[in-house]
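My entries follow in the order in which I looked.

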Amino acid sequence: MSEVAKSVKSTAEELAQKKLALTKWTKYLLDFMFYSGILVTLSLPFSVKWIGQFYEPAVEHYEETVIIYFVLGIAALVLIRELRRIFKTVLKQDCFVMENVVSLNKMGNWSFFIALMSVVRNIVYLTKAMLVVILVFVIAGLFSKVLALVFEEAVRYKEENDLTI
């Protein structure tokens with residue numbers, strides 16, 4: 001093997017290792033977000049009371065705030081669960097599968113639901129930050145839906161290619 005070929009092979013292996021490390025790190029970050037999200041969601045009755053010391057609308061609308069954020073927390077956990085499922089297939093190096101199309105569609109639906117619940121939350125008490133959250137989740141929902149279409153097409157090409165001898 002020539003020196004150039006060895007160098008190209010070495011560079012390709014280094015790149016593959018860096019990609020794998022980034023994917024694993026992202027998976028660990030998602031795992032952390034999922035499990036800490038469970039703790040944060042379950043602690044809402046206590047944390048909203050504590051925040052109420054510094055932010056009066058949280059106390060004025062305590063029940064509504066706890067209920068809305070509990071629903072938002074559950075929706076976010078479901079969304080992260082779907083993303084974790086996708087990352088499992090990425091780690092297996094088999095990401096163009098119909099299960100990921102289903103997960104991406106669910107992520108889009110949950111993103112739109114989070115945006116809608118954030119609109120409801122803004123009815124209870126309006127903040128500019130929640131308007132940004134609404135915009136972010138609408139964009140995330142659209143992105144997930146479009147990515148699901150792209151993945152569906154990639155799965156179709158992959159299945160056709162797998163049938164070709």
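In which helix is Val48 found? I looked it up, and Val48 is found in helix H2. Helices here are DSSP runs of H or I with at least four residues, strands are E runs of at least two, and both are numbered from the N terminus.

Before going on, I noted that this is a predicted model, in which local features need pLDDT of at least 70, side-chain atom pairs count only at pLDDT 80 or more, and totals for chains, interfaces and linings use all residues. Residues are numbered from 1 along each chain as its sequence is written, and side-chain values use heavy atoms, with hydrogens and water left out.

Entry on confidence. I checked pLDDT, the predictor's confidence in each residue, from 0 to 100. The protein chain has a mean pLDDT of 91, and 95% of its residues reach 70 or more.

Entry on Val48. I found Val48 to be buried, at 4% relative accessibility. Buried means under 20% relative accessible area, exposed over 50%, and partly exposed in between, with a 1.4 Å probe and protein chains only. I set aside the neighbours within four places in sequence and found Val48 in contact with Ala58, Tyr62, Thr65 and Val66. Contact means heavy atoms within 4.5 Å. Tyr62 is 14 residues from Val48 in sequence, and their C-alpha atoms are 7.1 Å apart.

Entry on H2 and H4. Two packed helices are described by the angle between their axes and the distance between the axes. Axes are lines fitted to C-alpha atoms, for helices over the stretch in contact, and angles run from 0 to 180 degrees between N-to-C directions. The axes of H2 (residues 44-51) and H4 come within 10 Å and cross at roughly 130 degrees. That makes H2 oblique to H4; angles under 35 degrees count as roughly parallel, over 145 as roughly antiparallel, 65 to 115 as roughly perpendicular and the rest as oblique. I noted which residues make the contact: Leu44, Pro45, Val48 and Lys49 from H2, with Tyr62, Thr65, Val66, Tyr69 and Phe70 from H4.

Entry on H4 and H5. H4 (residues 62-91) and H5 (residues 98-124) pack at an angle of about 165 degrees, their axes 9 Å apart. The two are therefore roughly antiparallel. I sorted their contact by class and found 18 nonpolar, five polar and five charged residues. Ala, Val, Leu, Ile, Met, Phe, Trp, Tyr, Cys and Pro count as nonpolar, Asp, Glu, Lys and Arg as charged, and the others, Gly among them, as polar.

Entry on H5 and H6. The axes of H5 and H6 come within 8 Å and cross at roughly 165 degrees, so H5 and H6 are roughly antiparallel to each other. Their contact divides into 20 nonpolar, nine polar and three charged residues.

Entry on Ser118. Is Ser118 buried or exposed? I found Ser118 in helix H5, where it is buried with a relative accessible area of 1%. Not counting residues up to four places away in sequence, Ser118 touches Leu72, Met130, Val133 and Ile134.

Entry on Ala140. I located Ala140 in helix H6 (residues 128-163). Ala140 is partly exposed, with a relative accessible area of 27%. Asp162 is 22 residues from Ala140 along the chain, and their C-alpha atoms are separated by 32 Å.
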